[in-house]
Amino acid sequence: MSKKAYFYIDDTIWVLRDLTRTKPKSLFDTPLFKVLKKAHDEYGLKTQLNLFYRTDSFYGNDEFSLADVTDAYKAEFEAASDWLKFAFHAKEEFPDYPHVNATYEDIKDLFKSIEKEVFRFAGEKSFTYGVCPHWLPVSKPGVQALYDCGVRILDVTVGETEEYNGDPNSLPYGHSFRLLNNRQPETRVFTRGGRNTAIARSVCGYNHFTEDRLPYTPTLKTFKDEETGILFKNYCVTCLNLIEYNEVEGEFEKLADKEYIGICDHEQYFYEDYFAYQPDYAEKIYKMCEMLKKNGFEYMFAEDLV
């Protein structure tokens with residue numbers, strides 16, 4: 001079996017705003033799209049862009065939504081749809097955990113809004129039904145809505161769970177209020193592994209597995225949820241924006257013998273006016289691609305596992 005790699009960029013909306021407002025001759029003259037095309041042309045990278053429906057007012061009142069995206073580049077998007085696709089993520093960046101207690105209608109209406117706009121400006125072939133939701137947790141009604149919208153494979157959180165203890169200080173960033181708002185029976189607290197220690201204690205929803213059922217070890221295995229019909233998959237192993245450039249080579253050398261590597265990034269870090277801008281954003285993507293090629297990985301989209 002060949003080794004597989006999957007790459008996605010969360011929180012995507014600004015690059016489409018740039019494309020629409022600057023009106024370049026080619027969509028790949030837009031800086032972030034240019035980076036992704038270079039990575040594809042030189043290394044074969046396939047990229048999934050997980051979409052916000054609109055920009056968030058946290059960054060000011062310069063509002064932009066997918067309904068504003070130009071359709072002037074639809075043919076170019078369709079021609080690139082074998083390696084560049086869009087997917088559902090959330091309405092906007094805030095609040096955190098937007099789907100953890102969502103109703104069926106919340107998810108279905110938003111999903112259909114995002115799908116409709118992508119079909120309009122990029123064509124049906126540019127939309128993918130492998131989903132990594134914003135912050136990951138989704139309620140059981142929300143998972144069912146995703147399935148009914150055509151999603152067949154969904155990202156999950158993994159870790160030991162516990163009941164919320166009622167102390168708002170036991171979770172960071174006011175997340176206890178997200179847990180309690182319209183709380184669903186499956187909403188709990190779990191201990192998250194990984195580099196981002198600020199969210200070591202996190203909120204989880206229906207799409208959560210304990211490690212004895214869905215190991216963190218990266219494999220191509222999926223698990224079917226018999227109640228909703230959806231497949232659960234533990235995707236992300238490495239988040240590029242959480243590691244330094246000089247760590248990329250070592251990180252991917254450690255994963256060289258795995259049958260599957262999931263890699264994510266976040267769009268904001270590419271932009272100079274973002275408070276946590278990373279000037280080596282593009283170079284980290286190219287180094288990632290170099291290491292994956294060196295170690296014999298082939299690229300895929302999540303829905304290829306269905």
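**Note on the predicted structure**

1. Strand β2, helix α3 (residues 74–79) and strand β3 together make a right-handed β-α-β unit. The model under discussion is a predicted one. Strand β2 covers residues 47–52 and runs parallel to β3, to which 6 bridges join it. One of these pairings can be located by residue: F52 has A90 of β3 as its bridge partner. Pairing of this kind follows a general rule, by which the strands of a sheet are held through backbone hydrogen bonds, either parallel or antiparallel.

2. Strand β3 spans residues 84–90 and is mostly covered, with 7 of its 7 residues buried. H89 is part of this strand. Is H89 buried or exposed? Its relative accessible area is 1%, and H89 is therefore buried, since buried means under 20%. Neighbours within four places in sequence aside, H89 is in contact with D10, D11, N50, L51, F52, H99, I114, C132, P133 and H134.

3. Helix α2 comprises the 13 residues 31–43. At 1.5 Å a residue the helix should span 18 Å, and its end C-alpha atoms are 18 Å apart, so expectation and model agree. Its buried residues are L32, F33, V35, L36 and A39. Seen down the axis of α2, these buried residues fall within an arc of 160 degrees, and they therefore line one face of the helix.

4. What do the buried residues of α2 pack against? Their partners are β1 (3–12), α1 (14–22), β2, α3, β3 and α8 (281–294). Just after α2 comes G44, which takes a positive phi of about 85 degrees.

5. In helix α1 the buried residues are W14, V15, L16, R17, L19 and T20. The elements that cover them include β1, α2, β2, α3, β3 and α4 (104–122). The residue K23 follows α1, and its phi is also positive, near 50 degrees.

6. The largest nonpolar core holds 78 residues, of which L16, F33, F77, F86, I285 and M288 touch the most other members. Helix α8 supplies the largest share of this core, 8 residues. A second, separate core has 14 residues, including Y8, L231, C239 and Y260. In general, nonpolar side chains of soluble globular proteins tend to be buried together.

7. L16 deserves a separate look. Residues up to four places away in sequence not counted, L16 touches F33, L51, F64, L66, V69, F77, F86 and F121.

8. Helix α8 contains A282. This residue counts as buried because its relative accessibility is 15%, below the 20% limit. A282 and K34 are 248 residues apart in sequence, yet their C-alpha atoms are 9.8 Å apart in space.

9. Another sheet is formed by 3 strands in the order β7-β8-β9; this sheet is open and its pairing is antiparallel. Why is one side of β7 (161–162) and of β9 (201–204) left without a neighbour in the sheet? Both stand at the edges, each with a single partner strand, so one side of each has no neighbour there. Strand β8 (residues 188–191) pairs with β9 over 4 bridges in the antiparallel sense. Within that pairing, the bridge partner of T191 in β9 is R201.

Note on methods: Residues are numbered from 1 along each chain as its sequence is written. This is a predicted model: local features need pLDDT of at least 70, side-chain atom pairs count only at pLDDT 80 or more; totals for chains, interfaces and linings use all residues. Side-chain values use heavy atoms; hydrogens and water are left out. Buried means under 20% relative accessible area, exposed over 50%, partly exposed in between (1.4 Å probe, protein chains only). Helices (H or I, at least four residues) and strands (E, at least two) are DSSP runs, numbered from the N terminus. Two strands pair if DSSP finds at least two bridges between them. A crossover is right-handed if, with the strands pointing away from the viewer, the path from the first strand over the helix to the second runs clockwise. The expected span of a helix is 1.5 Å times one less than its number of residues. The arc is that of the directions from the helix axis to the C-beta atoms. Contact means heavy atoms within 4.5 Å. A nonpolar core is a set of buried Ala, Val, Leu, Ile, Met, Phe, Trp, Tyr and Cys residues joined through side-chain atoms within 4.5 Å.
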